[in-house]
Amino acid sequence: MPGYDPNNIFAKILRGELPCYKVYEDDKTLVFLDIMPRAAGHTLVLPKAPARNLLDVSADDLAHVAKVAQKIAKAQMAAFGSDGITIQQFNEGAGGQVVFHLHVHVIPRKAGVPMKPPAAEKEKPDTLAEQAKKLSAAIASG
Ligand code: 5GP
């Protein structure tokens, strides 16, 4: 497996070199909206420490990412009136991974509404800003 590339797009977001619609942050994780959501409110949970994917992340960071993913899922249920949550996480190109800093997708679902294909459409900035605000508020009150 190739090593960690510090110039991947999520590494740039983590360093503050590129913007994101942040919904949550703690000492070990950063959480922001996917700009090409597969469903409204699609959120990504990242460890702050460099890790390419599941195969090289430390067990402690992985466990913390899982805890935060649960927190986000519960907040999405409240913030968006979701009927369910889909969790996805891809490893290496053959596993469907496109951006090579570990991230867990937390995707709110509505009954009967299929997910869009990956990276199908960029969401409008206003919509993302509004969703980030709603989700942050639900996390804070959670
Ligand atoms: P994966 O690597 O798990 O296949 O997916 C990468 C995800 O990152 C996709 O869902 C895609 O929509 C999302 N993505 C790609 N570029 C950006 C970006 O610049 N900002 C954000 N927030 N998400 C991105």
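1. The protein chain has three helices and five strands, where helices (H or I, at least four residues) and strands (E, at least two) are DSSP runs numbered from the N terminus. Starting at the N terminus, the order is α-β-β-β-α-β-β-α.

2. A word on what you're looking at: it's a predicted model, so local features need pLDDT of at least 70 and side-chain atom pairs count only at pLDDT 80 or more, while totals for chains, interfaces and linings use all residues. Residues are numbered from 1 along each chain as its sequence is written, and side-chain values use heavy atoms, with hydrogens and water left out.

3. Now the ligand. There are 15 residues around it, and Asp-34, Gly-96, Val-98, His-103 and His-105 come nearest (near means a heavy atom within 4 Å). Helix α1 (9–14) and strand β2 (29–33) each give at least two residues to this shell, and α1 has the largest share, three residues.

4. On polar contacts (pairs of N or O atoms within 3.5 Å): a polar side-chain atom of His-105 is 2.7 Å from a ligand oxygen atom. Taken alone, the ligand exposes 520 Å², and the protein buries 88% of that (Shrake-Rupley method, 1.4 Å probe).

5. Finally, overall size. The C-alpha atoms fill a box of roughly 40 × 30 × 25 Å along the principal axes.

Notes
A polar contact is a pair of N or O atoms within 3.5 Å; within protein, one must be able to donate a hydrogen and the other to accept it, and residues adjacent in sequence count only if both atoms are side-chain atoms.
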